[in-house]
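This report describes the fold, the core and the charged pairs of one protein. Please keep the sequence and the structure in view while reading.

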Amino acid sequence: MKVSPSLFVMLATIAVASAHSLKAYGWQGIDVRLPKKLSDHTASVGSDGLMYIAGGCDSPDGNVYITISNDSGFFDCDSISSSFYSFDPITRTFETLADMPRPRYRHSSSALGDRVWLIG
């Protein structure tokens, strides 16, 4: 069974809201696209106000369901990204940063001080 990548790939819109605007106006969509199709990536906001996007599945097919038996299986990605981007919510632009030392997806991340920590 092949699952459509459109179900798993976040492409179209990044939703942004501040505490004040969320309370007053709700969510606001902005028309900004990631530099490439990704799913299963992480995003953390640094102390500099930039959002850092790390890794993910960049397969054109997205996650594909692998059947093990009639009642079990799992989703797998055949192309894992080592890409690392920053996003500036003020200018609404992405910058491609140096690739990570190794590809990863389905990990977690946290920004602490001037560093982004990736786990998994």
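Which side chain meets that of Lys36 in a salt bridge? The partner is Asp58, with a distance of 2.9 Å from N to O. The model examined here is a predicted one.

## Overall fold

The protein contains ten strands and one helix. Their order along the sequence is β-α-β-β-β-β-β-β-β-β-β.

Of the 120 residues in the protein, 28% are buried. Among contacts with a separation of 6 or more, 45% are between residues 24 or more positions apart.

## The nonpolar core

The largest nonpolar core has seven residues: Ile30, Val32, Leu34, Leu38, Ile53, Tyr85 and Phe87. Beyond its neighbours within four places in sequence, Phe87 is in contact with several residues, including the core members Ile30, Val32 and Ile53. Leu50, Met51, Arg92, Thr93 and Phe94 are also among the contacts of Phe87.

## Salt bridges

The whole structure holds two salt bridges. One of them is the pair of Lys36 and Asp58. Lys36 lies in the loop between β2 (28–30) and β3 (42–45), whereas Asp58 lies in the loop between β4 (51–54) and β5 (64–69), 22 residues apart. Lys36 counts as partly exposed, at 26% relative accessibility.

Arg106 and Asp40 also meet through their side chains, at 3.6 Å from N to O. Arg106 is partly exposed at 44% relative accessibility, and Asp40 is partly exposed at 26%.

Notes:
Residues are numbered from 1 along each chain as its sequence is written. This is a predicted model: local features need pLDDT of at least 70, side-chain atom pairs count only at pLDDT 80 or more; totals for chains, interfaces and linings use all residues. Side-chain values use heavy atoms; hydrogens and water are left out. Helices (H or I, at least four residues) and strands (E, at least two) are DSSP runs, numbered from the N terminus. Buried means under 20% relative accessible area, exposed over 50%, partly exposed in between (1.4 Å probe, protein chains only). Contact means heavy atoms within 4.5 Å. A nonpolar core is a set of buried Ala, Val, Leu, Ile, Met, Phe, Trp, Tyr and Cys residues joined through side-chain atoms within 4.5 Å. A salt bridge is a side-chain nitrogen of Lys or Arg within 4 Å of a carboxyl oxygen of Asp or Glu.
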